[in-house]
Amino acid sequence: MKKLNIKYLIALWMCAPFFLVSCDKGFEEENTNPDASTDVEPEYMFTKSVYDALNNSTGTVYEFSAGGFVQHFATYLEVPGLGDKYVYTSGTYPYAYFSGAYVNAVNEIEKVVLALEEDESKTNMHAIASIWKVYVYHRITDLYGMIPYSEAATAYTQSNYSPAYDTQEAIYTNMLETLQSAANAFDSSKTSFGSGDLIYGGDTGKWKKFAYSLMLRLAMRMTKVDATAAQTWAQTAISGGVIENISDEAILPYVGGQEINSNPISFQLRNNNYSQSNGGSSNTEGGKFSATFISHLRENNDPRLTSVAAVWVNGVQDTTTSIQQGMPNGLVNKPADFGSLSEPNLNTLLSLTASLTVVGSAEMNLLLAENAARGWISAEPATYYEKAITNAMSNMGNLYGNAAAISSDKIQDYIDSHPLPSSFEAQMETIHTEFWVSVFPDEIEVYSNWRRTGYPELTPVSVTGNLTNGTIPRRLTYPPSEISVNTESYEEAIGIQGTDTFVTRIWWDVE
């Protein structure tokens, strides 16, 4: 796969005349830039929206909240301990993702969609932008529940600075309908995005699969709250065609170097915790892999353990299986053996040139396995389950370099020793425990799937002063700015959804 140098694409975007100029009456002539345009340049802004959506709060959410909730990561410190200990004392951990999304990716993709919707010659570009809009919003609503959606961008178009919050049910309905409309709109006779499309380079066939894959993801979220709608939308998505093969995956490659050209998860985690200079002993945020995660990989002889984890030995990261050991969640003091505990491998998982999976085939095949187990499609669940494992493991070398590659023999050995059970509930546990491993490090998606399925079964911690009465949080909380500036809409939302706490369940997250 050709690696994209995002720096130059973004540089073009920054030089592009897309900003809308607004001047007070009487000052228009003096304050108008004669070289600026009042038009949005869709391709440049689409590039920026993709970049900003994937670069949003990757440390804050991926490690310190969602990554801790699902017990992939642990920390002994209190300040970054939201995900680990369900405590929150300072910082922006509960709301950084919300704030970052609206300031950047939301505003950008909304402008792109608006600029393209009346131009019939750019139907494909509008469809792609609409699909990406769903991607941007579904991540926000899955973390927070009710959010500004239908009025989210009206500050730009209508000077509305107090947008209403939509119910998550309404948001989901609209997102699913948007995906269907976009998938139906593609026209091979019309132009598409070019190099400004960092994911597929304007390939409408692959974007169509992306749309139906998002549809399947959203459909399966609804299995407990509206099983009938979930089945209907899942079957529609599968009939349309989802990402089953590695060749169709939505992946961003990076060239490394400057931050803008580096994998955003790798860049943030290296800078927050796992730098070479820390050497595993003085990690800034007290982070390590969780004992839950590392123990699972070791006990199941999962070959991915040596692809992603390492222990510092004499100044070098060592991937030997026998020495891998995670840190328990819920610690309030630095353990004596901290320096010898497992953390992400800087040469593979946290390489600055590691590729980033946006939507992958392992996830889709696991959801297909669930559909087969439910009888929603006529297929053997084990076929999709085994394909998911094969794709996930085969892709390690593609994503993280040769040092992470797993041989076909090891893959087959793992499949042979971990067959899919016969009973439905046992199948669900096996499929979604595999999801917990295979979709890592997309912690937002892993956290959402865990809340829906309850698998794997995780043991929560109960630290003195925690905010959840010793239960794993079900959502993140809104920014203080929403409480103080968008007060009326905020209060209406919590009146419908429930109090703005970590244990309030969002619409699709039912017991």
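These are my notebook entries on what I looked up in this predicted model.

**Ground rules**

I number residues from 1 along each chain as its sequence is written, and side-chain values use heavy atoms, with hydrogens and water left out. Because this is a predicted model, I note that local features need pLDDT of at least 70 and side-chain atom pairs count only at pLDDT 80 or more, while totals for chains, interfaces and linings use all residues.

**Entry: helix α8**

I started with α8, residues 123–144. Helices here are DSSP runs of H or I with at least four residues, strands are runs of E with at least two, and both are numbered from the N terminus. I found that α8 has 22 residues and reaches 32 Å from its first C-alpha to its last. That is close to the 32 Å expected at 1.5 Å a residue, where the expected span is 1.5 Å times one less than the number of residues.

I then looked up burial (buried is under 20% relative accessible area, exposed over 50%, partly exposed in between, with a 1.4 Å probe and protein chains only). In α8, 21 of the 22 residues are buried, so the helix is largely enclosed by the rest of the structure. Just after α8, Gly-145 takes a positive phi of about 95 degrees.

**Entry: nonpolar cores**

Which residues have the most contacts inside the largest nonpolar core? I list Trp-132, Ile-140, Tyr-144, Trp-207 and Phe-210, in a core of 143 residues. A nonpolar core is a set of buried Ala, Val, Leu, Ile, Met, Phe, Trp, Tyr and Cys residues joined through side-chain atoms within 4.5 Å. Helix α8 gives the largest share of this core, 13 residues. I also noted a second, separate core of five residues, including Ala-74, Met-327, Phe-338 and Leu-341.

I checked the contacts of Trp-207 (contact means heavy atoms within 4.5 Å). Leaving out residues up to four places away in sequence, Trp-207 touches Phe-46, Ile-128, Ile-131, Trp-132, Phe-186, Asp-197, Ile-199 and Tyr-200.

**Entry: rings**

I searched the whole structure for aromatic pairs and found 25. Rings of Phe, Tyr and Trp (its six-membered ring) pair if their centres lie within 6.5 Å; planes under 30 degrees apart count as stacked, over 60 as edge-to-face and the rest as tilted. Phe-98 and Tyr-144 make an edge-to-face pair, at 5.3 Å centre to centre and 80 degrees between the planes. Phe-98 lies in helix α7 and Tyr-144 in helix α8, so this pair ties together parts that are 46 residues apart in sequence. I find Phe-98 buried at 4% relative accessible area, and Tyr-144 buried at 0%. Trp-207 belongs to a cluster linked by ring pairs, with Phe-46, Trp-132, Tyr-135, Phe-193, Tyr-200 and Phe-210.

I also looked for charges over rings (NZ of Lys or CZ of Arg within 6 Å of the ring centre and within 35 degrees of the ring normal). The charged end of Lys-288 sits over the ring of Phe-338, 4.6 Å from its centre. Arg-304 lies over the face of Tyr-414, at 5.7 Å from the ring centre.

**Entry: a three-strand sheet**

In what order do the strands of the open sheet stand? I read β7-β6-β8, with antiparallel pairing; two strands pair if DSSP finds at least two bridges between them. β7 (316–318) and β8 (343–344) are at the edges with a single partner strand each, so one side of each has no neighbour in the sheet. Strand β6, residues 309–313, is joined to β7 by three bridges. One pairing I noted is Trp-312 with Gln-317 of β7.

Asn-345 is in the loop between β8 and β9 (356–359). I find Asn-345 buried, at 5% relative accessible area. Among the residues that Asn-345 touches are Ala-309, Ala-310 and Gln-317.

Two peptide bonds are noted here as cis. One runs from Phe-440 to Pro-441, with omega near 10 degrees, and Pro-441 is in the loop between α20 (424–438) and α21 (443–453). The other joins Tyr-455 and Pro-456, with omega about 0 degrees, and Pro-456 is in the loop between α21 and α22 (480–485).

I also noted positive phi in residues other than glycine. Ser-57 has phi near 55 degrees and is in the loop between α3 (42–54) and α4 (58–62); at 14% relative accessibility Ser-57 counts as buried. Tyr-86 has phi of about 60 degrees, in the loop between α6 (82–85) and α7 (96–116), and is buried at 1%.
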